[in-house]
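Hello,

Here is the structure I promised to pass on. My notes follow below it.

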Amino acid sequence: MRLNLRIYEGRLLPFWLLFALFFAFGQSFAQTGRRITGKVTDTKGQPIPSVTITVKGVARATQTDVEGKFGINAASGETLTLTSIGYTTKDVAVTGETVYNIELAESSNSLKDVVVVGYGTTTRKTISSAITQVKQEDLNRGAIADVGQLLQGKVPGLNITASGDPNKPAAVILRGASTVNSPGAPYYVIDGIPGADIAAVAPNDIVTIDVLKDAAATAIYGNRASAGVIMVTTKRGKKGSALVTYNGYGGIEKVSNQLDLMNADEIRAFLAKNNSAFTANNDFGANTDWMKAIERSTAYSQNHNISLSGGSEHGTYSASINYFNKQGILKGSSLERVIGRLSVDQYALNDKLKFSLNLSNSTSNSNNVPLQNIVLLQAAKHLPVNPIYNANGTYFENFNTPGYYNPVSLSNNAQDNTKYNVLLGSFVTEVKLPFGLTYNVNLSYQKTNSQHGEFYSSYYNQYPSAGFYNNPDPGIGVSHTLINFGQNGSAFRSNYSNTTKTLETFLTWNKKFGDHSLNAVLGYSYQDNVYGDGIQVSSTNFPADNIGYNNLALGNPYGVPGYRINVGNDLTYGKILMISDFFRLNYNYKDKYLVQGSIRRDGSSVFGTNNRWGYFPAGSVAWRISQEDFMKDQSFVNELKLRASYGVTGNSFGIGAYTAQLLYGINGTYYNNGIQAGAYSPFQGQNPDLKWERTATTNVGVDFAILNNKVTGSVDVYNKNTTDMLFGYRVSAALIPGGFINANGGSINNKGVELSLTVNAVSTKDFNWSSTVNAAYNKNKVTSLKSPYANGDSIQYTSPEGPGQSGATLQILKVGYPLGQFFTFKYAGKDANGNSLFFKRDGSTTTQPIQGNDYFYAGSPQPKVLMGWSNSFRYKNFDLNIFLRGTFGSKIFNATRADLSNTSSASVNNILRSASDDRTTDIRNYFYSDRYLESGSYVRLDNTTLGYNFKQPIKSISNIRVYLTGNNLFVITGYKGIDPEINQGGQSPGVDYNNFYPKTRTFLLGVNVSL
Amino acid sequence: MKKIFSSIVSVLGLAVALTSCHKTDVKVNTELTPDIFPQTPAQYQAASGAVYIAFRSDYAGAYFFSQSHTTDENLLAVFNSDWIDGNRYSELHRHTWTKDNSGINGVWYYLTNLIGVTNQTISIFNSAPAGSAKNTSMAELKTMRAFAYYMMMDSFGNVPLDTLYGNKELQPNAPRAQVFNFVESELKAALPYLKTDVNTATYGLPTKYLAYSLLAKMYLNAAVYTGSPRYSDCIAACDQIISSGKYSVEPMASYLQMFYPTNGPTTQKEFIFAIPYDASTNGGNLIFARYNLNRNLGIRYQYSGSTAGGFTNPVINQDSGNGLVNNRPSGPSMTTKEYYAYFNDPNDIRNKQWLTGQQYWQDGTPIMVSTTNQGYDQFYKGSAPDAKLVYPLVLSELTFRPRAGTNSDYDLGRDEIAWNTGYRNNKFLPDYTNPINRNQNNDFPVFRYSDILLMKAEAIARGGAATLGSTALSLVNQVRANRTTSAALTSLDLEGIYGERVREMAYEGWHRNDMIRFGKYEGTWGLGKTNADTYRRIFPIPTSGFQTNTKLVQNPGYAN
């Protein structure tokens, strides 16, 4: 017979099987024994497909089909060995019977789980580094389009923050911010394609996500691995099984919390209490809830995923189509996405040669709320006594109050749309060579395209051109600027694409000498990345409003004096070349002593000519104590493994393709002989020494399973040091124009502990309960900020620029403090007149503190502890999953509350109920100070899912599962803002900044059908 | 076996072929790299533009504020909680600034960046082909750098002399006299190569006459800067400009238009060096109307595209409709009573640069404002706070008489009374030609011929030798003949020259310089300016300076 072995990425067969395989090349076996058949089921009686069944000592094997059935030739006295991912291996003696119904127990410690590492796979028991695997069934459920949110709370050390915005991906930070400059997001590898865009994957198509955390695991992706590597494995077909599944759900969302703003009666009463009143220009007798006015009462979402897979003797296929549609809770925002995916594996030359073709295309259409941050700010500060519409049906506006624009009309008289497309294709050739060698050539191609349009109608003519400021997200050097809307409508259109071509080739050697196992990988990677290939243009002065941004040809920008067509920025286009050589060696002795070493040599065109290449070594060791002889006689400990690793990874995020080079750019225009001539000057100097930022991580961990595998877990302790940090350092502008230079210097340290514990408390035929807790502690500290010119002392940043507070900053980047350290005034209560007092530097109090001079260190936005707690129950055909998530020890600067506490302006801008005890004469009560610094700790009931399985309801349907999911059912927190889940990414973590997209509570009803 | 061997060899051969590329060079063909730019004379010309953009960037912003808000000419008041902005404006007005004052930090950045840009541009021009064009360009660049150092010396006194682009060696403060000598020698070295044409081609660029103007300013203030007066040198420098015959005093009929948004190289005869502000540029703009224009005068002066629309007789603060666009200037800046007192000649055309008293539409009808009792007076105590009130717009003179109920004596309140407080300067007329934003096309004069005449007059009055047959009195009368119909002066003292400078040079960025030289900087004015610390004649080295240069030492008198 032919061997019918399942070989696919994500699974590595035991070595002896491989030996058998190679021995089998070109030979045929005489069939022995008689035909026996049977069915393999789990402890719940569910069939297990794809169980590998081998006859011990003989190279004969088969797999169970989708119904768990198998057939194989075996003789009495021979032994069948059954192996399958997630189940305990079982030996069954062949007797005189011909039908065998075998039950496999789930291997609760999941030691045999296949773990995806760079350029290969391994099993959990033989890894010596810190890797967390999350399976499809453990991913967060909900109307989620973004992979970051799927992982929220599931991986210790992964800090993920998300808002309710369907068009904004979650911020993902692994083990604390490792650099100031970069976005800090992990590096995604999808089915072996490095740097792939995660938007290309539909959540339903994901089989596993492996999060590589320590440097020993990530260093094989040395050049971009500093913020961790997330390996995503998608579904593939299986030989001999044809599967059709449908997953679908519909959901509804409601806003989960609101700003606690005053209503019309309350603010009137507040003003009266302060001997004040509205003027006739302000009070129109309305009682408008402006936040409700910009929100949908209910937002709907739906998702449909059909996937087909199967395989014949020499090939497998898997295909799926996914449609997702979600309304944002803010009116006008929505996301619609279609993802198609196809993967084909084809074997040739006696299965020694494998070709894999993977294609996926994701196309999305995002409607954004135009000027979203301004709309949110305006809705918050609009007076409830103002109506949305005038009596004649036009929008209410009151331009007597500076910076006061009806948020509903802002949103309804403009459009903002982004169409995003990801095309991801790869072609993999794998050749099995003699002597345990395998050679891979992987080619991949990714093209992303973003088409953006904005249109502001002629309604915007009336907005004061001299006072319409934007409301940007905070960051270093970010300040409010005026927006110009041209005349008679203005439109922007841009279309940019990024293309990445990758060639990777590697030779793998698997060898076993007695008790010694070796696995070596030697490879090469070439990546060519072109970004910002495209165009931007703007126009204004349209004859009518309904043209939008789709036909710029109808505009007449020349009719508006002073208007400049916006063609975007210089340096939008860039080309980067990255070339790497890598080598990794794994050695293990009796699966007891595990050693791994790797080195990667990376070159990138972005660095200075003197320092293009960097070397990133890593090593790890592990000792499976439970395999030692002295552990044999006890039954308490089932598994105990000690791990230690050290490694270095590199980072080049945050700098552009040409940052190291002297380039001239357009610097604006200047008067030259009667015209405005273009001025071209160097915008950056040559820096031939610019080099890789390096992150060295030491990790010590222990994995254990005790009490008959009822309790399993792991603990990791790490110390992560980033050196040669890439950053725009301050330098005297007299030496370098602009006053800063991109250079290597400075360092950041992260230390932490991660813990994960699973208890399979009850496991009976009818009832199961398992519970998993994970927790992570991290401490972040900037340890140096050194530019090549002078000691960069500190940088104060994050300026919300509230009224009268130009120049006020909330955060400081300073050696010895964490990234995002708050540095602000210190509130000292009220004086006898009810005026706010602040501490001066010398400890005395004042009503007029001095910016900078009277600032105090006031806490860190970074959480001390992150926790996730998942509970799974099963009772007969019912299953119930309850997932709680918590963040502890973080501080949030509630700048929203500060700005909405401006009691002296309460007659023109609404305020929060929390400010009702402050007086209108207290003109500094809303000054940014530690009064508005709050604890960001919370516990959220993130997800509850109740499901019911109909097993084989009709003959041709193997399973139907119906489930009901609730997201964000409650939050326990002392935080006074809308939600304590404030963005933890970027340079300004933990600032609630008038731009918070409301969080929602979601309910969805879903069905999964398997044919 | 042979088959196996050959397959291994072929696979390895493929592997070697696929992995042989290790070249990480990317040919840059989308950017201007040094091997392609600058090469031609036009490209070098384009490369010099950055200097003028850097000069323009904040001259009419933070730099102007530091020269004007520290004097009795101008102040920016607080309106309830608006415009507190870390007390940066009250500190300038009351002479209580510290090294943290963000305005002063802004000036330091503006000037050091201008120096850095010129240093960088000089380093680019080092590789230009030798010849007279290069000599002229170098002279122009070094004149601009000398100008930047002049402003540094004038504002901060003892500053580091960074003259090499990208130099990693930090310089300590050079004493003020040494900076003076550096500026003088650089200007003198540049003089032979600078252009003498005065036309559109040299407008906004440094000419020989800019260099002489700067030298005249240096010598007139030499006693302040170095302790040694050099009035005759000042007169000699002024004479180079006067005897060139290229400039004349603008006649009374076109005096006001000299500062209008439509001004330029061909509309006046006085500008020796002006910054050609253009509303469409993004590297620095003039937005005087934002600060100086009264809030209720946006429509009257078409501020930022404001129009009355269909309102034939508009009352300000009517809301919207009929095409009404009411961009309201912020309008927090005003002059002091002490300063305005110098405008006491009713026949003087220069009075017309001010907005005072009752305001009228173009057709002469009074401007009316619609509000409520409480909107007019936030401390209204009557029975009808919501009752509508339409009142005629009258601007009142600023007096130091804190309003009862406001939070501090620097706070004017937040109501119509507050906004209508203070006489407003309207010399740089709001730009009626730009309908889409607040940027103004008014070119801003840095050196004007009248200033040269007044400097020479002052140098003579202070003991310099009179030349070319003119006296201090004749020079001042030469200016006045084009400003007022009143009779010429018959006698003149230093106080008279000071008064003439106040009237002639208002809001042109020289008043701090004048007040210090005339010993008036320690006077009392405005909203409680009483501080008389003489060390404040120079600003402190600001925080941002210390952050990037650890060798700097703080100026005397200031806390570090």
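B:Thr371 is found in strand β9 of chain B (helices, H or I with at least four residues, and strands, E with at least two, are DSSP runs numbered from the N terminus). B:Thr371 counts as buried, because its relative accessibility is 5% (buried is under 20%, exposed over 50%, partly exposed in between, with a 1.4 Å probe and protein chains only). Leaving aside neighbours within four places in sequence, its contacts include A:Asn281, B:Tyr376 and B:Glu416 (contact means heavy atoms within 4.5 Å).

This is a predicted model, where local features need pLDDT of at least 70, side-chain atom pairs count only at pLDDT 80 or more, and totals for chains, interfaces and linings use all residues. Residues are numbered from 1 along each chain as its sequence is written, chains are lettered from A and ligands numbered from 1 in written order, and side-chain values use heavy atoms, without hydrogens and water.

Now the interface. 97 residues of chain B are in contact with 108 residues of chain A. The area buried between the two chains is about 8400 Å², and carbon and sulfur atoms give 56% of that area (buried area is the accessible area, 1.4 Å probe, that two parts lose on being put together, summed over both). B:Thr24, B:Ile436 and B:Gln547 supply 9% of the area that chain B buries against chain A, more than any other three residues.

The count between chain B and chain A is 1 salt bridge (a side-chain nitrogen of Lys or Arg within 4 Å of a carboxyl oxygen of Asp or Glu). B:Asp25 and A:Arg612 form a salt bridge at 2.6 Å, N to O.

Best wishes
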